[in-house]
Amino acid sequence: MTSDTDATQARISAIRMPPQSIDAEQSVLGAMMLSPDACEDMAAYLDPDDFYNRQHRLIFTALTDLQRAGKPIDAVTVGEHMEANGTADDIGGSGYLINLSSNTPSAANARAYADIIRAKANARALIEAGTEIVNAGFTEAADIAVQDAFCKIASLQARADITALPPVDLFDDSSAPPIRPEWLPPHLCDFIFESSKVKGCPPEVLAIASLIACSTACHDEFKVQPKANEPGWKESARLWGMVIGDPSVKKTPAIRLAMAPLSDLNFSMVQDYLKQRMEYDLQTAQHKANEKRRIQAEAKGEGAPEKSEAPEAPRQERIIINDATIEKLSDLLSHNPRGMLYLNDEMAGWFASMDQYSKGASARRDRSYWLKFYDGGRLIIDRMSRPSTVIDNGSMRILGAIQPDRIRSMAERMDDDGLLQRFIIAVIPPGRIPASDEPEPAHLHHKYKTILTHLWNTNPGDGTSIVAMSPEALAVQADLVRFSDALVGTGSLPNMLRSHLAKWQGLFPRLCLTYHMIGCAALKKYPTSLPINESTAKRVAGLMRGFILPHAFAFYSGLASASSPTFNVARKVADFILARGFSRVTKRDLNRFVSSWRTLPDWQQANVISLLRQSGWVLDDGKADDRRAPVWTVNPRVHVEFAGRAAQAAAARDAANKAMMELKGILSVETES
């Protein structure tokens, strides 16, 4: 009998063991020590808490520390790093690390093992959440327990579905996630994050500015062919970026830091041109005087001197322009076939100059030229009073900044021709970040300058200038295209956001080429000597999914729409949902408790619900079409993401109710008296 009981207990214990796979954890750690690419991939895909074994969590943390620092990784370096951090004894010494690397034959299956680790971690999280939900069910506050259950399930859903879009913060015009190191070129990460700390600015500003700077330094002749069966489709490393934020976020200092090496080079170019132009003007004047004397001598029958050749005008080599008309820009582009950068600390003037209501046909003409500058290639610019200008490669990068209120007031008037949607947008939240007391990382500034200089000096040779994409990188591209196409196909996104997503097929290879060129410059490799690898493609895909898309979503669903009455009422409804903690909301609820909703006609009420759907606040479950009792399911994630706002809304409601009660008491006393 005792043996049967022991066997039963053993089976129960086995069943109750938290889900785990020690073999998969060991295999992933071994693969990370065998392959730098596997290490980079796993660092972006897994978190330390995904590992069940504490020793493995410590080892994974050490591996990712070394990988992000750009240091070599093997059993010895990991052991030394853990020794320096006082964690070597916790894993039993370096012998265990050697066993991990020696017992892993290959890094080829690292992603499969990582999927097992994530699945086990999600299962453990489910058990933990389920236990908390069960315990909550025994409490007296049943309504609160139900809401907690929704929140915990939403948390698990957010963890399991890393591609799901979070609900947009309708109360903060600048709601968008921060940038992460694993989404950026590894050779720029330390420069971006350490320099941002010293300057007291968000790293997102310096990240976007640095990417545009590196894009500018890349010669336009280097191209990538995104599809093997479309040889006519090639993309250069040509990017447009815009930072949206208040003056407090120090946009200008960060942009100037990123552009400093190119600005110095550009200044030298202008100085050289002015010197050459002065010499040219002197030579031209001398040539004209000689020609005049020659003609006079020939007319007198004297021995005429030999006719001299006119001096050749110098090239106006430039990298950066800050403001120019299309006419002036066309002249500069004809001298700079590798492309230039339009840099402007305040983009409001640039947008206003092409406002469809400001200059009529002239504004539309300028917009059409800028759209062509995004694509590059041969271009003829016709002008009324001057000869046409033939440009071998009309290629322009753009980097600028603008304040939220300026772009908000302009967004609704902009033509929906795709000009704005070509920008990589970073929406920066307001508020000052205290600058660090640490000294400027001069060595990182030097490294960054070296990379930019090497990029600028890397010119296409006599051979091919086409950079290949590895099959693995093409697979990442195909997956990203499927993802963006699926989002566009939903039909529930704002039109301008859908237009932005439609540009992703070209944006992905442009970013891949930029990242690839940066890596080759850091390693002193010629760009075409290596294909764009899977690791680079995954970093770019991570940036596009995790940063570019949420920021575009926040902009097109929130900031760009925030001036409309529909948006203001949607905020009121969202506040009401949070204050009441509703999992479902009906039209009757809104009619009773949201006064601004009651005043809207049916079509505007429909627009409010559409905006709430687009922003991820209510789910499209078909119930809203029931005209007898319209009801909308609330996305449970809003109660998780905006728990703080819910508490504020509830407190404001209670304070208002209390004030009303006091007012009623005062009025009743006055009436009796």
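Student: How much space lies in the largest cavity?

Tutor: In this predicted model, the largest cavity holds about 70 Å³ of space.

Student: What makes it a cavity rather than a pocket?

Tutor: A cavity is a set of points where a 1.4 Å probe fits but cannot get out, whereas a pocket is an open set. By this rule, the count comes to 4 cavities of 30 Å³ or more.

Student: Which residues and helices line the largest cavity?

Tutor: The lining has 10 residues, and Gln67, Arg68, Pro181, Cys189 and Arg539 are those that lie nearest the centre. Helix H3 (36-45), helix H4 (54-68) and helix H9 (186-199) each supply at least two lining residues. The largest share, 3 residues, is from H3. By kind, the lining of the largest cavity divides into 5 nonpolar, 1 polar and 4 charged residues.

Student: How much space lies in the second largest pocket, and how many residues line it?

Tutor: About 770 Å³ of space lies in the second largest pocket. Its lining consists of 29 residues, with Asp37, Glu40, Pro186, His187 and Leu523 nearest the centre. H3, H4 and H9 are among the helices that each supply at least two residues to this lining, and so are H16 (442-457), H19 (504-523) and H20 (534-557). The largest share here, 5 residues, comes from H19. The residues of this lining comprise 14 nonpolar, 8 polar and 7 charged.

Student: Why is Lys524 called exposed?

Tutor: Exposed means a relative accessible area over 50%. Lys524 has 51%, and it is therefore exposed. Lys524 lies in the loop between H19 and H20, and its phi is near 60°, a positive value in a residue other than glycine.

Student: What makes Lys250 partly exposed?

Tutor: Partly exposed covers the range between buried, under 20%, and exposed, over 50%. The relative accessible area of Lys250 is 26%, so Lys250 belongs in that range. Lys250 also has a positive phi, of about 55°, although it is not a glycine. Its place is the loop between strand E3 (240-244) and helix H11 (251-299).

Student: How do you know that the span of helix H10 is close to the expected one?

Tutor: The expected span is 1.5 Å times one less than the number of residues. Helix H10 (residues 203-217) has 15 residues, for which 21 Å is expected, and it reaches 21 Å from its first C-alpha to its last.

Student: Why is H10 described as mostly covered?

Tutor: A residue is buried when its relative accessible area is under 20%. In H10, 15 of its 15 residues are buried, so the description follows from that cut-off. Across the protein, buried residues make up 47% of the 673 residues.

Student: What makes a group of residues a nonpolar core?

Tutor: Its members are buried nonpolar residues joined through side-chain atoms within 4.5 Å. The largest such core has 112 residues, of which Phe351, Trp370, Phe373, Leu455, Phe508, Leu511 and Leu543 touch the most other members. H20 gives the most to this core, with 12 residues. A second, separate core of 29 residues includes Phe60, Leu63, Val78 and Leu97.

Student: Which residues does Phe373 touch, not counting those up to four places away in sequence?

Tutor: Phe373 touches several residues, including Arg238, Trp240, Ile326, Leu329, Leu333 and Met396.

Student: How many helices and strands does the protein have?

Tutor: The protein has 26 helices and 13 strands.

How values were computed
Residues are numbered from 1 along each chain as its sequence is written. This is a predicted model: local features need pLDDT of at least 70, side-chain atom pairs count only at pLDDT 80 or more; totals for chains, interfaces and linings use all residues. Side-chain values use heavy atoms; hydrogens and water are left out. Helices (H or I, at least four residues) and strands (E, at least two) are DSSP runs, numbered from the N terminus. Buried means under 20% relative accessible area, exposed over 50%, partly exposed in between (1.4 Å probe, protein chains only). On a 1 Å grid over the protein atoms alone, a cavity is a set of points where a 1.4 Å probe fits but cannot get out, and a pocket is an open set with protein on both sides within 12 Å along at least five of seven lines; lining residues have an atom within 4 Å of a point. Grid points are joined across faces, edges and corners, and a volume is the space filled by probe spheres set on the points. Ala, Val, Leu, Ile, Met, Phe, Trp, Tyr, Cys and Pro count as nonpolar, Asp, Glu, Lys and Arg as charged, and the others, Gly among them, as polar. Contact means heavy atoms within 4.5 Å.
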